[in-house]
Amino acid sequence: QVQLVESGGGLVQAGGSLRLSCAASGSIFSIVAMGWYRQAPGKERELVARLASGVFTNYADSVKGRFTISRDNAKNTVYLQMNSLKPEDTAVYYCNLVQITPATVANTYWGQGTPVTVSS
């Protein structure tokens, strides 16, 4: 099993910044991708940013130019730097990890979520 522990969420004014962290621990083998998703009240969970194979990134159009995803391989930690935050960024942010086990099985794990609230 893999455990994902998120931190860094909170309340911030519009235009402010937050940095989310997600540390992975447990039975880690070959990480295929790590990323961040979010779910606002009454909406479906959506991709925010994803880092695949350690180098390939993709972002939701709504956060391009404002959010940056990065990863510390030595710490098995992924970060999401969020700048120029807007009220519409308010959501619970979930960390996601996909890895391949020695039996070549792809497993997906989710963190418990960290809330981000952006006030106008």
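The legends below describe a predicted model.

**Figure 1. Overall fold of the predicted protein, a chain of 11 strands and zero helices.** Read along the sequence, the pattern is β-β-β-β-β-β-β-β-β-β-β. A compact globule with 120 residues would have a radius of gyration near 14 Å, and the protein has 14 Å, so the two agree. The C-alpha trace spans about 50 × 25 × 25 Å along its principal axes. Of the 120 residues, 42% count as buried. The accessible surface comes to about 6200 Å², and carbon and sulfur atoms account for 50% of this area. Among contacts between residues at least 6 apart in sequence, 55% join residues at least 24 apart.

**Figure 2. The largest nonpolar core, with 29 residues.** The residues with the most contacts inside this core are Trp36, Leu80, Met82 and Tyr93. At least two core residues are supplied by each of β1 (2-7), β3 (18-26), β4, β5 (46-52), β7, β8, β9 and β11 (114-119). In soluble globular proteins, nonpolar side chains tend to be buried together.

**Figure 3. Surroundings of Leu80.** Leaving aside residues up to four places away in sequence, Leu80 touches Leu18, Arg19 and Leu20, together with Trp36, Val48 and Ala49.

**Figure 4. The aromatic pair of Tyr37 and Trp110.** A search of the whole structure finds one aromatic pair. Tyr37 and Trp110 form this pair with an edge-to-face geometry, 5.0 Å centre to centre and 70° between the planes. The pair counts as edge-to-face because its planes are over 60 degrees apart. Distant parts of the chain are linked in this way: Tyr37 belongs to strand β4 (residues 30-39) and Trp110 to strand β10 (residues 106-110), 73 residues apart. Tyr37 is buried, with a relative accessible area of 19%, whereas Trp110 counts as partly exposed at 39% relative accessibility.

**Figure 5. Arginine residues over aromatic faces.** Arg45 lies over the face of Trp110, at 4.6 Å from the ring centre. Trp110 is also the partner of Tyr37 in the edge-to-face pair. At another site, Arg19 lies over the face of Tyr79, at 4.0 Å from the ring centre.

**Figure 6. Val98 in strand β9 (residues 91-100).** Val98 counts as buried at 16% relative accessibility. Val98 and Ile31 are 67 residues apart in sequence, yet 6.0 Å apart in space, C-alpha to C-alpha. Not counting residues up to four places away in sequence, Val98 touches Ser30, Ile31, Val32 and Ala33, as well as Asn107 and Thr108.

**Figure 7. Positive phi values at Asn76 and Ser84.** Most residues other than glycine have a negative phi. Asn76 has a positive phi, near 50°, and is placed in the loop between β7 (67-72) and β8 (77-82). Ser84 likewise has a positive phi near 50° and is found in the loop between β8 and β9. At 39% relative accessibility, Ser84 counts as partly exposed.

Conventions: Residues are numbered from 1 along each chain as its sequence is written. This is a predicted model: local features need pLDDT of at least 70, side-chain atom pairs count only at pLDDT 80 or more; totals for chains, interfaces and linings use all residues. Side-chain values use heavy atoms; hydrogens and water are left out. Rings of Phe, Tyr and Trp (its six-membered ring) pair if their centres lie within 6.5 Å; planes under 30 degrees apart count as stacked, over 60 as edge-to-face and the rest as tilted. Helices (H or I, at least four residues) and strands (E, at least two) are DSSP runs, numbered from the N terminus. Buried means under 20% relative accessible area, exposed over 50%, partly exposed in between (1.4 Å probe, protein chains only). A charge sits over a ring if NZ of Lys or CZ of Arg is within 6 Å of the ring centre and within 35 degrees of the ring normal. Contact means heavy atoms within 4.5 Å. The radius of gyration is taken over C-alpha atoms; the globule rule is 2.2 Å times the number of residues to the power 0.38. Accessible areas come from the Shrake-Rupley method with a 1.4 Å probe; for residues, only the protein chains shown count as cover. A nonpolar core is a set of buried Ala, Val, Leu, Ile, Met, Phe, Trp, Tyr and Cys residues joined through side-chain atoms within 4.5 Å.
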